[in-house]
Every structure is written in structure tokens, then in C-alpha cells.
Amino acid sequence: MPLTPRSIPAVAAAATAGALLVRHELKARQAAERIAAASLESLLKAIDANDPDTGAHVRRVAAYALVLADAAALADHQKRTVERVALFHDIGKIHEALFDIIHDARALTPAERRAIATHPQRGAEVLAPLTGFYPDLPEGVLSHHERWDGTGYPRQLKGARIPLAARVVSIADTFDAITHSRRYRDGRSATVAADMILEGRGTQFDPDLVDLFVFPPVFARVLATSREVSHWREPIHTRRTGHDEEQVPDITFRWRPERTAAHGRPASDRPRRTAR
Ligand SMILES: [Fe+2]
């Protein structure tokens, strides 16, 4: 339709209505993303509340996994998936059926070991309602105990059929399991962990990711991260402060400890008033 002086107001009105519609849809999408991010925070706090040790473990694993994801030059959206899979890989362990087993310091019986092996499936089920927002999250969590040679669980996926985020998290999870002290044993050195991960190259772990993980400049970053996260002793208590809806929406998913400006310590290390 040719533009004439008489049609200009109608075209301008249509353009304004279109712009308003786009703005409205953008705001609605940002609100939905904010709700999804808040849901993840709530889930993480539920992990902290159920088992602070697991809450601290998954944060350390996320920190190591992000170092490896960065070294692998993954795209930003892939790094976000790695971060989420790392943070929620063990959420299936909060299931009531596993609670007593996990909190018992005794060696596991075969039946208990089989019960624990259900946690990837249980975790994927917990996260399934968030699939619309995070399509790769339940699948990544489901796959974090698969092995490169196809002998893992629950589906015996092999090689590149295992989601990339799960392969990254598997290495980070193993590194933390070896180096961090548990109730029943002391943690071993990072060098021992690197050797054990190398032993699993091509059998348990993606060989290319192992090569990257132990590559000296990358491993130096892992060690630096390890020193940093060793201060993350307590669950993280963050508070969302007042939002201005007209400003950039607050859709950040907070999971790292806050640091004090004065001392550079995590907020969790600061004295807290406790209700009694
Ligand atoms: Fe696990």
C-alpha cells in the first residue's frame, strides 16, 4: 500500500501497537525466566536444607565443571547447562528412600548400593517440570553416572551419546569426590585425583575432556578454584533485593557465596544471628 499523507497516522498507530506488543511479550518472557531462575534457587535451598554437605558438594562440582567447560570453549548456553547439571546432579539423593542410606557412615550393602544408583532417575523426575525452561537439565542429571565405555548407569549410554554436560560434570564430580574429605575418609591430593581421572580416560570419562582437565594451565585453574571453594563451608544465604520492574529484570540464578568487600570471605563465613 503506497504511503500517503492520510495513511501515515494509521501506519504510525500500527507501528506503536506492534512495539507495545513486542515490549509486552519481552516483559512476560523475562518474568517467566525470573520465575524459573527463582525455582532453581528454591530447589538448591531445598538441597541445602536437607543436606548441607550435598549443597556444598554440588557448588564445588559446578565451579570445577565451569573451569572445564570454559577450557573446552563451550558456548554460553552450553556452560549454563553444565552449571545447572552440576548443581542438580545429586538432587535425586534428597529422596526420602535414600536419606538414611546416605547419612549412614557404614559401608554400603549391595542392596543399598542399588538403591543409591536410582538417584539419577529420581533427580530427573524432580526436574522434569522444568523441562520447558531447561530442556537439557533432566537429561543431563539422568546421565551423570554414565561411562564413556557404555558400562555406566542407568541407560548404559556410550561415548558421545552421553550428553556433553553430563560428561563434563562426571569429571568434576570425581575430582571433588577424591579431593574432599568426607565423614568416613580424608580427601586425597589433587595430584592423586588427576592420576585417577587419567586412569579412567576412555573408559569412564570422555578422553578429550580428560586431556583438557589435566592440561597444566587448565589444571592450574582447577587448583586455584579448589583453594577458593574450600571456604564454601556453609549453604549460601542470599537475598533478592527490591526489583525495579522498569530496569533490567533480575533473572540471575545465584548459587555462589557472596563475598564481603572488606575481607573477601564468603557471606556464609560471617557470624550470623540464629533464631533459637
Ligand atoms: Fe551422583
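The report below takes up a pair of helices, then a helix by itself, and then one glycine.

The model is predicted, and the values given here are computed from it. Two packed helices are described by the angle between their axes and the distance between the axes. For helix α2 (residues 52-71) and helix α11 (residues 216-229), the axes come within 10 Å and cross at roughly 160°. Because angles over 145 degrees count as roughly antiparallel, α2 is roughly antiparallel to α11. The crossing of these two helices, α2 and α11, is right-handed. The residues that meet across this contact are listed in the table.

| Helix | Residues in the contact |
|---|---|
| α2 | Arg59, Arg60, Ala63, Tyr64, Val67 and Ala71 |
| α11 | Val218, Arg221, Val222, Thr225 and Val229 |

By kind, the residues of the contact of α2 with α11 comprise 7 nonpolar, 1 polar and 3 charged.

Helix α1 (residues 8-50) has 43 residues, which at 1.5 Å a residue should span 63 Å, and this agrees with the 63 Å between its end C-alpha atoms. Of those 43 residues, the number buried is 3, so α1 lies largely in the open. The buried residues of α1 are Leu40, Leu44 and Ile47, and they pack against α2 and α3 (76-88).

Glycine 200 is found in the loop between α9 (190-199) and α10 (207-214). With 18 other C-beta atoms within 10 Å, glycine 200 is partly exposed. Its C-alpha atom is separated by 8.5 Å from that of valine 210, 10 residues apart from glycine 200 along the chain.

Notes. Residues are numbered from 1 along each chain as its sequence is written. This is a predicted model: local features need pLDDT of at least 70, side-chain atom pairs count only at pLDDT 80 or more; totals for chains, interfaces and linings use all residues. Axes are lines fitted to C-alpha atoms, for helices over the stretch in contact, and angles run from 0 to 180 degrees between N-to-C directions. Helices (H or I, at least four residues) and strands (E, at least two) are DSSP runs, numbered from the N terminus. Angles under 35 degrees count as roughly parallel, over 145 as roughly antiparallel, 65 to 115 as roughly perpendicular and the rest as oblique. A crossing is left-handed if the near helix is turned anticlockwise from the far one by less than a right angle, and right-handed if clockwise. Two residues are in contact if their C-beta atoms, placed from the backbone, lie within 7 Å. Ala, Val, Leu, Ile, Met, Phe, Trp, Tyr, Cys and Pro count as nonpolar, Asp, Glu, Lys and Arg as charged, and the others, Gly among them, as polar. The expected span of a helix is 1.5 Å times one less than its number of residues. A residue is buried if 20 or more other C-beta atoms lie within 10 Å of its own, exposed if 12 or fewer, and partly exposed in between; C-beta atoms are placed from the backbone.
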